[in-house]
Amino acid sequence: MLEVRQLARPGLLHPATLSISAGECGVVMGQSGAGKSVLARAIADLDPNEGDVLWQGQSRNAMPAPQWRRLVAYVPAESGWWAQRVGEHFVHPDNADDLLTAVGLTTEAMNWSISRTSSGERQRLALVRALAMQPQALVLDEPTSALDASSRQKVEALLQRLLGEGVAILLITHDAAQARRLGSRFWRMEQGRLEPEQMPPEL
Amino acid sequence: MAQNGYITLQYWEVAASALLLVITAGLALLFQAGLARSLVWVAARMVAQLLLVGLVLKFIFEATNLWITLAAATVMAGMAMREVMRRQQRPLAGVWRWLPGSASLLFIGVLAVLYAQLVVLRPEPWHAPRQLLPIFGMILGNSMTGITLGLNAITEAATRERAAIEARLLLGCTRWQAIRPFAAQALRTALTPIMNAMAAAGIISLPGMMTGQILAGAPPVEAVKYQLMIMFLIAGVVGLAALAAMIGVIWRLTDERHRLRQDRFAQVG
């Protein structure tokens, strides 16, 4: 179980509490600038924050931050790249083959030059890069915002498969239909306050 | 007046060398380039500065007193540290604005000049200002440039490459691993001027110090030996000083939970 306890950043995030079981997808929705990414960054411990986050009863404060981030992987909405070739950005390139095909890319992608990839390709590569670490929980910020319908379906299918394998997912999305397809628990972020929410209605 | 190939200049001979500059100033006046006044002014200022420094050096050399030499070295180090601080494009907040640059400049600079005096040159006495001050000056000047370039490159990377650095952190890198590619690039930037100087030395340019010694009548091979010693010292010191300053800044720009701390930059405006 991924447990967020009284996680807060003064002025940006009111103490937020939520929990997601292994194999479950929790969805956080809300307008841009409401504080969704602040919450995600705080879970990954990327900014100084108050409160605690636990995975399977183990507090992140009890382990070095790099170990925590490999266990609970956060994929930001905006991906970062530093080397020329795609493959150089992978800590575990051997794990990537199956994941690449699952999101509709080929294993050839590892040899691509980053500057020639599209934003949709980079979004999927960033997800694959994180999944190749084989994390036990995922925090995904808008993971399909730059994708066409067919790629989005492939990514969602992959996420469903991971849920089946017992991975816990916290999904941040603007897409109500996607929230309905993947989520089983829902929250809404408004001006830095996280409130439980019903499943969004069908349009 | 020639003596061992060394030609002592008379004051009128120095004045004669200014003739070309006077012609340039006259032409500037003619073309109304608005340059003549400032040209004459900087030239006059240079005369005053250099005469003054000549007199000060004459006094220091004649005294050859440890405390007087130390005082002169302190003034030089202070100026260099101030320059490092002023040239930072993206300074950190608080004492960190000056601490990493100044501390590494001073520590490495003093270490290097002591090494030069005690191991390499061994003048009598060991603190002889004729050797100590020019060497300290060259070390300071070059380290200053190296530190400034290195720090500006690393703070620039920490600002612009935030997404990439945090992506590395999120893949389980420690703070040092995460920033390593950018630190390597910054170190290359810091070392570029001295590497260029080494590559060009003797082929494209005759280093200023060597030229001076040759003009002053020193045998060319002796001048070359001095120049090599200085180049080795400078290149080593620039690398060490820039690296030390960068490590200090990286340490401050990240924290023990392996986060990038952009909030520790000085607030702009």
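A nonpolar core is understood here as a set of buried Ala, Val, Leu, Ile, Met, Phe, Trp, Tyr and Cys residues that are joined through C-beta atoms lying within 7 Å. In the present structure, which is a predicted model, the largest such core comprises 106 residues, and the members that touch the most other members are A:L39, A:I43, B:I154 and B:M246. The largest share of this core, 15 residues, is supplied by helix α6 of chain B, which covers residues 129-160. For one of the residues named above, A:I43, the surroundings can be listed: when its neighbours within four places in sequence are left aside, A:I43 is in contact with A:V4, A:L7, A:V53, A:V72, A:Y74 and A:V139.

Chain A as a whole contains six helices and ten strands, and its C-alpha atoms fill a box of roughly 45 × 45 × 30 Å when the box is taken along the principal axes. Of the 203 residues in chain A, 41% are buried. Among the contacts in chain A between residues at least 6 apart in sequence, 69% join residues that are at least 24 apart.

Two packed helices are described by the angle between their axes and by the distance between the axes. In chain B, helix α4 (residues 66-86) and helix α5 (residues 99-121) pack at an angle of about 145°, and their axes are 9 Å apart; the crossing in which α4(B) passes α5(B) is right-handed. On the side of α4(B), the residues that take part are B:A77, B:A80, B:M81, B:V84 and B:M85, and these meet B:G101, B:S102, B:L105, B:L106 and B:G109 in α5(B). Sorted by class, this contact of α4(B) with α5(B) has seven nonpolar and three polar residues, and no charged residues.

The two chains also touch each other, in a contact that takes 18 residues from chain A and 16 residues from chain B. On the side of chain A that touches chain B, the elements that give two or more residues are α2 (65-71) and β6 (72-75) of chain A, and the largest share of that side, four residues, comes from α2(A). By class, the side of chain A that touches chain B consists of ten nonpolar, two polar and six charged residues.

Terms used: Residues are numbered from 1 along each chain as its sequence is written. Chains are lettered from A and ligands numbered from 1 in the order in which they are written. This is a predicted model: local features need pLDDT of at least 70, side-chain atom pairs count only at pLDDT 80 or more; totals for chains, interfaces and linings use all residues. A residue is buried if 20 or more other C-beta atoms lie within 10 Å of its own, exposed if 12 or fewer, and partly exposed in between; C-beta atoms are placed from the backbone. Two residues are in contact if their C-beta atoms, placed from the backbone, lie within 7 Å. Axes are lines fitted to C-alpha atoms, for helices over the stretch in contact, and angles run from 0 to 180 degrees between N-to-C directions. A crossing is left-handed if the near helix is turned anticlockwise from the far one by less than a right angle, and right-handed if clockwise. Ala, Val, Leu, Ile, Met, Phe, Trp, Tyr, Cys and Pro count as nonpolar, Asp, Glu, Lys and Arg as charged, and the others, Gly among them, as polar.
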